[in-house]
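Good morning, everyone, and thank you for making time for this. Please have a look at the sequence and the structure first, and then I will talk you through them.

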Amino acid sequence: MSAASDEALRAELMQKKQELTERLGRISANLRRGYEADSKERAKELEDNEVVDALGNEARTEIAKISAALQRLDSGDYGTCTECGMPIEAGRLKVYPYADECIDCAEFDEKRRARQ
Ligand SMILES: [Zn+2]
């Protein structure tokens, strides 16, 4: 991978991370507002908060994955499957730039999760 596309990729990952961090901030603010609501609204608010919390967890997971991808860029391991050490398919990285596993390992994980 050339240095120029490395930089473009880094910029893209940083921007995505920034967006998610801002989204997470808004989600947290919504959560806090929910807890301050009066008791009549409380039940409904708490219900909403569960959804909001799930969204927050999703954002946090993605931020962690992007941070890991940025670290792999720095160490030169970017694009290598963390599971089997084989190169991750270029097409997969294009649609999912912070993928940490090749398609085979990702599918294997998915099947394993589905069986649980
Ligand atoms: Zn793999």
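I will begin with the chain as a whole, then turn to the metal site, and end with a pocket.

A word on the source: this is a predicted model, in which local features need pLDDT of at least 70 and side-chain atom pairs count only at pLDDT 80 or more, while totals for chains, interfaces and linings use all residues. Residues are numbered from 1 along each chain as its sequence is written, and side-chain values use heavy atoms, with hydrogens and water left out.

The protein chain has four helices and zero strands, where helices (H or I, at least four residues) and strands (E, at least two) are DSSP runs numbered from the N terminus. Of its 116 residues, 28% count as buried, a word that stands for under 20% relative accessible area, with exposed meaning over 50% and partly exposed in between (1.4 Å probe, protein chains only).

Now to the metal: which residues are the protein donors of the zinc ion? They are Cys 81, Cys 84, Cys 102 and Cys 105, each through its SG atom and lying 2.3 Å from the ion, where donors are N, O and S atoms within 2.8 Å of the metal (3.2 Å for Na, K and Ca), and water is not among the atoms, so sites may look incomplete. In sequence these donor residues are spaced C-x2-C-x17-C-x2-C.

Finally, the residues that line the largest pocket include Lys 65, Arg 92, Tyr 96 and Arg 113. By pocket I mean, on a 1 Å grid over the protein atoms alone, an open set of points where a 1.4 Å probe fits, with protein on both sides within 12 Å along at least five of seven lines, and lining residues have an atom within 4 Å of a point. Helix H4 gives the most to this lining, with six residues.
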